[in-house]
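Subject: Structure handover

Hello,

Here is the structure for your files. My notes on what was found follow below it.

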Amino acid sequence: MQASKGARGNSFLHNENVVGYIFAAPFIISFLCLTMVPMGLSLYYSFCNYKIGQVPDWIGLKNFMDLLRDATFGHSLLVTIQYVVIGVPLKLVFALFVAMLLTKPTRMQGFYRAVYYIPSLIGGSVAVALVWKQLFGSRGPVVSMIKALGAKNFNFFGSTAWAFLPLVLCNAWQFGSSMLIFASGLKQIPKDYYEAAEIDGANVFRRFFSITLPCLSPIILFNLIMQLISGFMTFTQAQIITDGGPNYATNYIALNIFKEGFSFQHMGYACAQSWVMLLIMAAVTGIIFKTSSHWTFYEN
């Protein structure tokens with residue numbers, strides 16, 4: 001009797017596992033077919049002289065050795081780091097500022113959050129990039145206002161020093177997802193902390209730097225990692241708005257990889273660049289995680 005019950009129990013567990021695998025199958029299959037298999041092929045092609053539609057020719061480490069002598073790739077790496085160092089903090093600061101404004105209870109709070117989140121939904125589209133290109137173009141309203149202030153012959157996209165700024169601002173404009181995460185974190189901070197600080201005479205800035213930032217530090221860490229990855233992978237704005245110009249000033253790594261693989265038909269070389277970019281991103285992420293214990297506060 002006990003044996004039959006155990007058999008039925010094992011059969012039930014087995015059936016539950018089967019049902020779980022069936023529901024997870026679409027994700028597992030798509031992950032294998034659309035992520036793992038392409039990554040494996042990309043790693044193989046990075047050691048080959050390969051063009052789309054041709055048979056790969058194994059050349060070993062030659063693609064990686066060529067990267068060390070490629071001035072264009074080195075410049076792409078530098079301008080990408082510049083974009084990330086300037087753009088990511090600006091985006092997070094703006095997202096936190098808006099989140100703090102929207103955590104104050106108002107009747108239209110839900111509506112405002114939805115409106116501020118819309119740029120994150122459409123910000124990566126080609127249409128928005130074209131609109132942004134018109135806004136900051138030589139005849140756009142932004143440049144017209146700058147010229148009205150006395151700057152003659154000013155042109156964002158004609159200057160290697162200023163061409164990156166519209167792209168950084170376009171990225172910062174897409175702060176909706178980070179803003180919602182910050183807003184959720186702000187609600188989790190106990191009000192007792194602020195009440196005790198007010199009793200002790202702490203002003204607004206003291207409360208922000210001594211309570212808000214430390215309590216939000218785990219969320220800052222999460223947003224920082226996600227936005228760093230997004231920053232290193234930026235492509236659409238650079239390709240549509242500037243096409244990497246002028247003089248490669250906005251030729252970011254993802255755009256450079258695209259050009260090498262699809263414009264110049266150096267797919268093996270492009271795969272090698274993508275793996276170097278992946279290693280750089282992994283190293284930066286690892287350093288942030290390693291140092292996070294010194295500035296991240298966990299209440300438990």
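The count comes to one cavity of 30 Å³ or more. A cavity here is a set of points, on a 1 Å grid over the protein atoms alone, where a 1.4 Å probe fits but cannot get out, and lining residues have an atom within 4 Å of a point. The volume is the space filled by probe spheres set on the points, which are joined across faces, edges and corners. About 30 Å³ of space lies in the largest cavity. Its lining consists of Leu228, Ile229, Phe232, Met281, Val284 and Thr285. Helix H10 (204-232) and helix H13 (267-291) are the elements that give two or more residues to this lining.

This is a predicted model: local features need pLDDT of at least 70, side-chain atom pairs count only at pLDDT 80 or more, and totals for chains, interfaces and linings use all residues. Residues are numbered from 1 along each chain as its sequence is written, and side-chain values use heavy atoms, with hydrogens and water left out.

Zero disulfides were counted, a disulfide being a pair of cysteine sulfur atoms within 2.5 Å. For cysteine 48, the nearest cysteine sulfur is that of cysteine 271, 9.0 Å away.

Helices are DSSP runs (H or I, at least four residues), numbered from the N terminus. Helix H3 (residues 71-102) has 32 residues. Aspartate 70 caps the N-terminal end of H3, with a side-chain oxygen 3.0 Å from the backbone nitrogen of threonine 72.

Regards

Terms used
Expected span 1.5 Å × (residues − 1). Polar contact = N/O pair within 3.5 Å; in protein donor to acceptor, adjacent residues only side chain to side chain. 1 Å grid on protein atoms, 1.4 Å probe; cavity = no way out; pocket = protein on both sides within 12 Å on 5 of 7 lines; lining within 4 Å.
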